[in-house]
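Dear colleague,

I am handing over the structure below, together with some notes on what was found in it. Please read the notes with the structure open beside them.

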Amino acid sequence: MSRRKGLSFSRRRKRIQTSSIQAALLWAGECILAFAIGCVLVFYFMTRLTCVGQAMEPSINSGDSVLVNRFSYLMTSPKQGDVIVFKPNGNANSHYYMRRVIAVPGDRVQIREGFVYVNGELFETGIGSEQMDYAGLAEEELTVGADEYFVLGDNRNMSEDSRSADIGNVRKSDIYGKAWFVVFPWDNFGTVEAVHSR
């Protein structure tokens with residue numbers, strides 16, 4: 001007469017322990033992946049900078065906290081109307097500037113009677129102060145070089161920008177990213193609009 005085999009509790013225990021270890025490893029892997037994705041998002045999309053000065057009013061006010069998209073210009077180039085973040089001439093000791101792109105490589109720029117013309121056409125954003133007291137480097141028509149951008153502040157009479165010899169055209173290599181969202185204060189909360197000439 002054959003003996004009946006009893007239940008093997010040790011096998012069940014081993015099976016439970018193995019599945020618990022697998023679940024713990026899976027959970028740890030998901031945490032590591034989520035952390036890595038979070039780091040990438042923060043590094044490229046959520047760098048937070050404070051606007052210094054009144055040059056971009058009313059789009060961005062002095063003291064506003066702005067999120068900067070660092071990924072955007074790895075894939076594409078700045079476009080006319082974008083608000084870019086840069087350090088003039090790559091000066092590591094300077095604070096970050098936020099200015100609007102008025103002209104891109106190959107464009108011709110001139111400021112006549114206080115207004116900016118790009119390729120012979122008036123460039124107006126419909127925001128801020130359009131007319132300028134100072135033409136600077138753009139008093140005579142200039143052509144924007146390869147991988148360079150001519151930028152102005154929206155508050156043009158309170159802005160240091162491409163009209164000034166200290167800044168001039170901004171090289172793409174000196175651009176930190178694209179200003180895309182004001183997170184503080186709540187009164188200004190929202191996206192930074194890319195405005196095109198109208």
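The accessible surface of the chain comes to about 12000 Å², and 55% of that area belongs to carbon and sulfur atoms. Please keep in mind that this is a predicted model, and that 38% of the 198 residues of the chain count as buried.

On that surface, Phe71, Leu74 and Met75 make a nonpolar patch of about 330 Å². Met75 lies in helix α2, which covers residues 72-75, and Met75 counts as exposed because its relative accessibility is 61%, where the cut-off for exposed is over 50%.

As for the overall arrangement, the chain has two helices and twelve strands, which follow one another along the sequence as α-β-β-α-β-β-β-β-β-β-β-β-β-β. Among the contacts with a separation of 6 or more, 62% are accounted for by residues 24 or more positions apart.

Strand β3 (residues 83-86) is covered on both faces, with Val83 and Val85 buried on one side and Ile84 and Phe86 buried on the other. In a regular strand, side chains alternate between the two faces of the sheet.

With kind regards

Notes. Residues numbered from 1 in each chain as written. Predicted model: local features only at pLDDT ≥ 70, side-chain atom pairs only at ≥ 80, totals over all residues. Heavy atoms only, no water. Helix = DSSP H or I, 4+ residues; strand = E, 2+ residues; numbered from the N terminus. Buried < 20%, exposed > 50% of the residue type's maximum accessible area, 1.4 Å probe, protein only. Contact = heavy atoms within 4.5 Å. Areas by Shrake-Rupley, 256 points an atom, 1.4 Å probe, with all protein chains shown as cover. Patch = residues over 30% accessible without salt bridge, like charges linked within 9 Å, V, L, I, M, F, W, Y side chains within 5 Å. Salt bridge = Lys/Arg side-chain N within 4 Å of Asp/Glu carboxyl O.
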